[in-house]
Amino acid sequence: MGLDIVELVMKVEKEFALQIPNDIAEKLDTVGKLYNYVCHHHGLNPDLSDAEIWDKLVDMVCYQLGVAPERVKKESHWVYDLGAD
């Protein structure tokens with residue numbers, strides 16, 4: 001897992017008040033897998049809708065990786081589609 005992804009995971013953990021174990025984080029190789037994990041484990045606000053989680057996650061990915069929002073899809077792979085290292 002590259003530095004871009006490690007930093008993104010740390011920001012996601014902080015934003016959604018959760019901890020993602022390293023062995024799990026290594027398996028979250030697409031935006032959709034991370035999104036699904038957050039949807040099922042977020043602790044910050046259990047009243048957040050899935051759409052609100054998605055919007056926050058897309059914003060974070062765009063900021064962290066410097067990609068346009070239209071490139072962030074659930075099937076987008078961090079390295080191959082979004083150029084993360």
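In which helix is Met-10 found? Met-10 belongs to helix α1, residues 3–16; helices here are DSSP runs (H or I, at least four residues), numbered from the N terminus.

## Basis of the model

This is a predicted model, in which local features need pLDDT of at least 70 and side-chain atom pairs count only at pLDDT 80 or more, while totals for chains, interfaces and linings use all residues. Residues are numbered from 1 along each chain as its sequence is written, and side-chain values use heavy atoms, with hydrogens and water left out.

## Surface patch

Met-10 has a relative accessible area of 52% and is exposed (exposed means over 50%, buried under 20%, partly exposed in between; 1.4 Å probe, protein chains only). Together with Met-1, Leu-3 and Val-6, Met-10 forms a nonpolar patch on the surface, with about 390 Å² of accessible area. Such a patch joins nonpolar side chains (Val, Leu, Ile, Met, Phe, Trp, Tyr) within 5 Å, from residues with over 30% relative accessible area and no salt bridge. Accessible areas come from the Shrake-Rupley method with a 1.4 Å probe, and for residues only the protein chains shown count as cover.

## Nonpolar core

The largest nonpolar core has 29 residues, of which Val-12, Phe-16, Ile-20, Leu-34, Val-61, Val-72 and Trp-78 touch the most other members. A core is a set of buried Ala, Val, Leu, Ile, Met, Phe, Trp, Tyr and Cys residues joined through side-chain atoms within 4.5 Å. Helices α1, α3 (31–41) and α4 (50–65) each supply at least two residues of this core, and α4 gives the most, with eight. In soluble globular proteins, nonpolar side chains tend to be buried together.

Leaving aside neighbours within four places in sequence, Leu-34 is in contact (heavy atoms within 4.5 Å) with Val-12, Ile-20, Leu-28, Leu-57 and Trp-78.

## Salt bridges

The whole structure contains two salt bridges (a side-chain nitrogen of Lys or Arg within 4 Å of a carboxyl oxygen of Asp or Glu). In one, the closest N and O atoms of Lys-56 and Glu-15 are 2.9 Å apart. This pair links distant parts of the chain, 41 residues apart: Lys-56 is in helix α4 and Glu-15 in helix α1. Lys-56 is partly exposed at 30% relative accessibility, as is Glu-15 at 29%.

Asp-29 and Lys-33 also meet in a salt bridge, at 2.8 Å from N to O. Asp-29 is partly exposed at 28%, and Lys-33 is partly exposed at 39%.

## His-41

His-41 is found in helix α3 and is partly exposed, with a relative accessible area of 42%. A polar atom of the His-41 side chain lies 2.9 Å from the backbone oxygen of Tyr-37.

Conventions
Patch = residues over 30% accessible without salt bridge, like charges linked within 9 Å, V, L, I, M, F, W, Y side chains within 5 Å. Polar contact = N/O pair within 3.5 Å; in protein donor to acceptor, adjacent residues only side chain to side chain.
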